[in-house]
Amino acid sequence: MSIIDNRKAFHDYFIEDKYEAGLVLQGWEVKAIRAGRANIKESYVVIRGAEIFIVGMHITPLESASTHITPDPTRTRKLLLHAEEIAKLIGKVERAGYALVPLDLHYSKGRVKISVGLAKGKKQFDKRETEKERDWDREKARLIRAKG
């Protein structure tokens, strides 16, 4: 069950592989995410040491849930992955020139998870080609509907 999608990631990158990671969140953040007050559009994933973090993810605090603390909506949050997956990602990012991009925020067995994509950047002509293909598919579907 998806909460938020990052459509811009699919426009700007070729997604090679996907990983599902847990998030280290505070209580007010979970409540705000359940209320749909999160944004991952401008966020990115970084590797520090042997750990993976998401930077720039914005969670707007609820007025009722965060009265006793001072919430930081854009704090850096740690992602939880298996050690083998982290090692593989570190190797790909450092050697092969890949980037880690947040794709979507979703629920899995009642917990908030994030999908992280191992991605290569698209050039401008690749973006135009993707747009042309999408337009042609849309046009084909319209013509088939009109015939039938």
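This is a predicted model: local features need pLDDT of at least 70, side-chain atom pairs count only at pLDDT 80 or more; totals for chains, interfaces and linings use all residues.
Modeller: Residues are numbered from 1 along each chain as its sequence is written, and side-chain values use heavy atoms, with hydrogens and water left out.

Colleague: Why is Ile59 called buried?

Modeller: Buried means under 20% relative accessible area, exposed over 50% and partly exposed in between (1.4 Å probe, protein chains only). Ile59 sits at 0%, so it counts as buried.

Colleague: And what is Ile59 in contact with, leaving aside its neighbours within four places in sequence?

Modeller: Contact means heavy atoms within 4.5 Å. By that rule the partners of Ile59 include Trp28, Glu29, Ala32 and Ile33. Those four are the buried residues of helix 2.

Colleague: What makes you put the buried residues of helix 2 on the same side?

Modeller: Trp28, Glu29, Ala32 and Ile33 are the buried ones. They cover an arc of only 135° around the axis, so they share a side of helix 2; the arc is that of the directions from the helix axis to the C-beta atoms. Helices here are DSSP runs (H or I, at least four residues), strands likewise (E, at least two), numbered from the N terminus.

Colleague: How do you know that Lys109 is exposed?

Modeller: Its relative accessible area is 86%, so Lys109 is exposed. Lys109 lies in the loop between strand 8 and strand 9, and has a positive phi of about 55° although it is not a glycine. Most residues other than glycine have a negative phi.

Colleague: What makes strand 4 and strand 5 a pair?

Modeller: Two strands pair if DSSP finds at least two bridges between them. Five bridges join strand 4 to strand 5, and the two run antiparallel.

Colleague: Which residues of the largest pocket's lining are nonpolar, polar or charged, in numbers?

Modeller: Five are nonpolar, two polar and three charged. Ala, Val, Leu, Ile, Met, Phe, Trp, Tyr, Cys and Pro count as nonpolar, Asp, Glu, Lys and Arg as charged, and the others, Gly among them, as polar. So Gly22 and Gly110, both in the lining, go down as polar.

Colleague: Which strand gives the most to the lining of the largest pocket?

Modeller: Strand 9, with three residues.

Technical notes. On a 1 Å grid over the protein atoms alone, a cavity is a set of points where a 1.4 Å probe fits but cannot get out, and a pocket is an open set with protein on both sides within 12 Å along at least five of seven lines; lining residues have an atom within 4 Å of a point.
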